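Open the model in your viewer and keep the selection tool at hand. The tour goes from a whole chain to a sheet and then to an interface.

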Amino acid sequence: MRRIAFAGAVVAIGAFTLLPFLWFVSASWKSATEINSIPPVLWPSFHWDHYRAAIAEHGLLHYIANSVIVATATTLLSIAIAALAGFALARFRLPWGRFYLMLLLALSMFPQIAIAGPIWRLLNFLGWLNSYQGIVAAYIALSLPFAVWILATFFQELPYDIEEAALIDGCSRWQALRLVVLPLAAPGLFTAAILVFIHAWNEFFFALIILTYPARQTLPVGIALFPGEYTMPWGEIAAASTIATLPLVALTLIFQRRIVQGLSAGAVKG
Amino acid sequence: MLREKKSEGTIASLTVDKLSKTFAGREILKELSFQVADGEFCVLLGPSGCGKTTLLRIVAGLETASGGTVSIGTARVDALAPRDRDVAFVFQNYALYPHMTVFDNLGFSLRLHGVPKKEIHARVTEVAQMLEIGHQLDHKPQQLSGGQRQRVALGRAIVRRPKLFLFDEPLSNLDATLRTNMRVELARLHGRLRSTMLYVTHDQAEAMTLGEKIIVLDRGEIQQSGAPGEIYHRPMNLFVAGFVGQPQMNFIEGRLDGHGKLHTEAGVEFDLFSTVGGRAAPDSQLTVGIRPEDLRRCASTDARFAGTAEFVEDLGSDCFVHLDCGGLKLVARLPAQDPIKLGQRIDLNVDPERVHLFHQKRRIDLT
């Protein structure tokens with residue numbers, strides 16, 4: 001009885017979270033009439049027209065390319081910087097280390113709207129509006145506190161002895177980091193990287209204000225600008241959203257085990 | 001092959017001079033000076049918190065001293081990074097690289113030092129065979145038992161042929177049987193390598209069996225250093241006398257009178273020894289130390305101590321008898337052949353030459 005109740009709860013929660021996703025996936029396969037019909041049609045008739053239109057008429061591939069460039073660059077740079085900063089905060093006896101970590105945590109809670117103005121002016125001053133480096137710089141600023149925090153706590157969990165063994169075995173600090181610490185911190189690095197990537201992939205607000213030319217716009221902004229003056233192309237939006245979600249689903253599935261290891265690393269000492 | 005490096009004529013003695021360490025306003029090491037001769041196995045023995053591990057870490061370069069110098073051979077190393085000191089360190093919890101196979105763990109330092117692959121292979125295989133882990137070279141550390149991990153940790157040190165081996169309580173995580181076995185193996189290993197070794201432990205059995213020289217440390221100060229026998233048979237102060245020896249040495253406090261008699265606080269009074277004369281002034285407070293194995297049963301007429309057995313620890317080979325001698329508590333190590341019942345009256349005597357005398361915590365030599 002309890003197992004049935006548990007299974008029921010799992011299905012209910014799963015359905016609740018998946019429902020919006022399933023709805024737009026299904027919408028992407030419906031014909032224009034099916035989308036607008038009342039009562040709604042639950043089972044689509046599997047039209048691929050919306051996908052074709054999203055790619056051919058709305059330049060979906062171009063937005064995807066932009067998103068891939070921006071999210072990948074953000075992730076690589078953020079993780080590289082955060083790994084060094086997190087290592088320093090975890091390992092060196094910095095007098096203000098703890099305070100700095102708390103400050104980072106506080107910073108990562110700042111509402112985006114509060115820093116939007118200054119960031120826009122900074123990028124404008126640098127001439128970086130509507131550029132990859134501009135949006136990537138803004139995203140790094142957003143994700144860095146969080147990434148440093150994750151990695152610093154992760155490095156703290158790693159036994160120091162192993163690093164010292166490496167130093168005695170002949171490593172410089174850099175070699176110890178590269179050959180011993182980073183491989184051991186891989187689950188943490190993956191976790192942080194995926195979270196940063198997802199954030200950069202999904203981010204809408206900064207992309208909207210920084211990227212005003214279609215040439216540089218990322219997926220969320222691109223999709224948001226699908227509607228024309230008199231049309232609301234629901235089918236194309238649904239198709240584009242489905243495609244936009246796929247990389248995230250794939251990434252999460254591929255690295256699922258790593259992420260779980262990373263997120264639970266603090267709980268059970270490895 | 002393993003002694004190649006030494007035959008090149010490297011003198012790898014260790015000299016520590018006036019080494020001190022202060023941390024957070026606390027003096028952890030107080031101007032320590034000692035030397036470990038080339039090829040010597042030296043044990044740093046002391047209770048936890050005495051500073052022995054800190055000392056070892058300073059020698060390795062993992063911590064910096066507040067003052068003093070460390071030299072290996074004739075070269076001062078205290079300003080060098082750990083990797084430039086040519087020392088190997090065996091950690092208490094092994095500190096193996098979890099993401100590498102046993103082979104890579106063993107060969108890591110050689111790889112870093114640019115040793116050719118062929119030679120790495122040869123040296124790793126040789127050491128692995130010596131430590132009987134040859135069949136586990138492809139395993140990851142987490143697939144190994146505690147004893148096997150310990151061997152890998154040892155192998156990682158040996159394969160480098162360092163000038164100096166440093167051991168930080170390497171056996172303390174093993175169970176009792178394994179510990180005894182590894183102890184014997186370590187001794188054999190040292191016999192074979194004849195390398196200079198500095199070994200930290202709080203386990204006196206390890207210290208006594210492994211050390212050619214023991215340095216007893218307490219509160220950041222050297223209490224005594226010498227051969228194991230010397231430490232055991234001629235402890236220079238109360239701390240060493242009490243710390244070395246299992247069960248602990250019996251201590252009897254008392255006041256010496258003008259006729260060489262000691263009046264103990266417990267009311268038991270006994271004729272001390274004529275030998276004491278002249279070495280301690282009458283009326284001074286003395287501590288008599290008697291090792292449990294130096295107490296032997298005797299006829300009641302010869303008895304210096306008489307007491308009742310309160311508790312008996314039977315070890316099979318012999319037994320530790322806890323006695324109450326009119327308020328004075330003693331432990332005697334007696335042969336197990338004649339069983340002792342609880343409450344039984346036991347008469348004991350001690351050979352005067354085997355008695356240790358301490359005045360103000362320092363040893364007074366009777367002979």
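Select chain B and look at its contacts: of those between residues at least 6 apart in sequence, 64% join residues at least 24 apart. Two residues are in contact if their C-beta atoms, placed from the backbone, lie within 7 Å. This is a predicted model, in which local features need pLDDT of at least 70 and side-chain atom pairs count only at pLDDT 80 or more, while totals for chains, interfaces and linings use all residues. Residues are numbered from 1 along each chain as its sequence is written, and chains are lettered from A and ligands numbered from 1 in the order in which they are written.

Now colour chain B by secondary structure. There are 9 helices and 21 strands; helices (H or I, at least four residues) and strands (E, at least two) are DSSP runs, numbered from the N terminus.

Next, select the open sheet of chain B, whose 5 strands follow the order E15-E19-E16-E17-E18 with antiparallel pairing. Two strands pair if DSSP finds at least two bridges between them. At the edges, pairing on one side only, are strand E15 (295-297) and strand E18 (328-335) of chain B.

Zoom in on strand E17 (residues 318-325) of chain B, which 8 bridges join to E18(B). Which residue stands opposite B:Cys325 in E18(B)? The residue there is B:Leu328.

Finally, show chain A as well. In chain B, 17 residues are in contact with 14 residues of chain A. Strand E6 (87-90) and helix H3 (102-112) of chain B each supply at least two residues of the side that touches chain A.
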